[in-house]
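Good morning, and thank you for coming. I would like to take you through one model, sheet by sheet, and then turn to a few individual residues.

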Amino acid sequence: PELQYRQYQVVGRKIPTESDPTPPMYRLKVFAQDEVFAKSRFWYYMNRLRKVKKSVGEVLRVIEIKEKSPNQVKNYGIWIRYDSRSGTHNMYKEARGTSLNGAIKEIYEEMGSRHRARHSVVQIVKTDIIPAAECRRDNTTQFHDSKIAFPLKHRLPRSNKKSHKSTFKA
């Protein structure tokens, strides 16, 4: 099955106690397949960053963030951190697409193919929409030409004879 990543905003906090009746709330944007996986990633980061575990915390809200203009092609700059066999690396990648979710999916697939990094070891640090003038990667800038054309190489001429035309052919 193909994994479709969605962006979620998860809000949570430590459970209030007598010593701390109003603990601070934390908001985190994560990319996940569904709400359950988003909550899991939220607790993964909360444990690492704020030392709050799921057993002493609560999730207040999970919201899926939708794309504002999904019909327009944009350039996305994505800063990631991933664990390889030799250590932890920071990386900047660019992806082009109509939605941030599609760009993230493209990045996860590229990390799996080029670097053999599973999606569990890839952490999305930051994402941003990059103007065409600020794009750095050749793979992205090659599509910025306004007169770009994709030639159709292998075109087979169709016969005009009625005997060759049929709706279904075995």
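Two strands are said to pair if DSSP finds at least two bridges between them. The helices (H or I, at least four residues) and strands (E, at least two) are DSSP runs, numbered from the N terminus. Please keep in mind that this is a predicted model, in which local features need pLDDT of at least 70, side-chain atom pairs count only at pLDDT 80 or more, and totals for chains, interfaces and linings use all residues. Residues are numbered from 1 along each chain as its sequence is written, and side-chain values use heavy atoms, with hydrogens and water left out.

Let me begin with the sheet in the order β2-β1-β3. This is an open sheet of 3 strands with antiparallel pairing. At its edges stand β2 (25-32) and β3 (57-65), each of which pairs on one side only. From one strand to the next, the twist averages 25°. Strand β1, residues 6-14, is joined to β2 by 8 bridges in the antiparallel sense; within that pairing, Val-11 has Arg-27 of β2 as its bridge partner. The pairing of β1 with β3 is also antiparallel and runs over 8 bridges, and here Arg-13 stands opposite Glu-58 in β3. As a reminder, strands of a sheet pair through backbone hydrogen bonds, either parallel or antiparallel.

The other sheet I wish to describe has the order β5-β4-β6, and is an open sheet of 3 strands, paired antiparallel. Why is one side of β5 and of β6 left without a neighbour in the sheet? Both β5 (88-97) and β6 (122-130) stand at the edges with a single partner strand each, so one side of each lacks a neighbour there. The twist in this sheet averages 20° from one strand to the next. Strand β4, residues 74-83, runs antiparallel to β6 and is joined to β6 by 8 bridges. Ile-78 is placed opposite Thr-127 in β6.

Now to the helices. Contact here means heavy atoms within 4.5 Å. Axes are lines fitted to C-alpha atoms, for helices over the stretch in contact, and angles run from 0 to 180 degrees between N-to-C directions. Helix α2, residues 100-114, lies across β4, β5 and β6, and runs at about 130° to β5.

Which residues does Gln-123 touch? Gln-123 belongs to strand β6. Leaving aside residues up to four places away in sequence, Gln-123 touches Arg-41, Tyr-44, Tyr-45, Arg-48, Trp-79, Ile-80 and Arg-81. For accessibility, buried means under 20% relative accessible area, exposed over 50%, and partly exposed in between, with a 1.4 Å probe and protein chains only. Gln-123 counts as buried because its relative accessibility is 9%.

Ala-133, in the loop between β6 and α3, counts as exposed because its relative accessibility is 78%. The C-alpha atoms of Ala-133 and His-144 are separated by 9.3 Å, with the two residues 11 apart along the chain.

Finally, Phe-150 lies in the segment after α3 (138-141). Phe-150 is exposed, since its relative accessible area is 61%.
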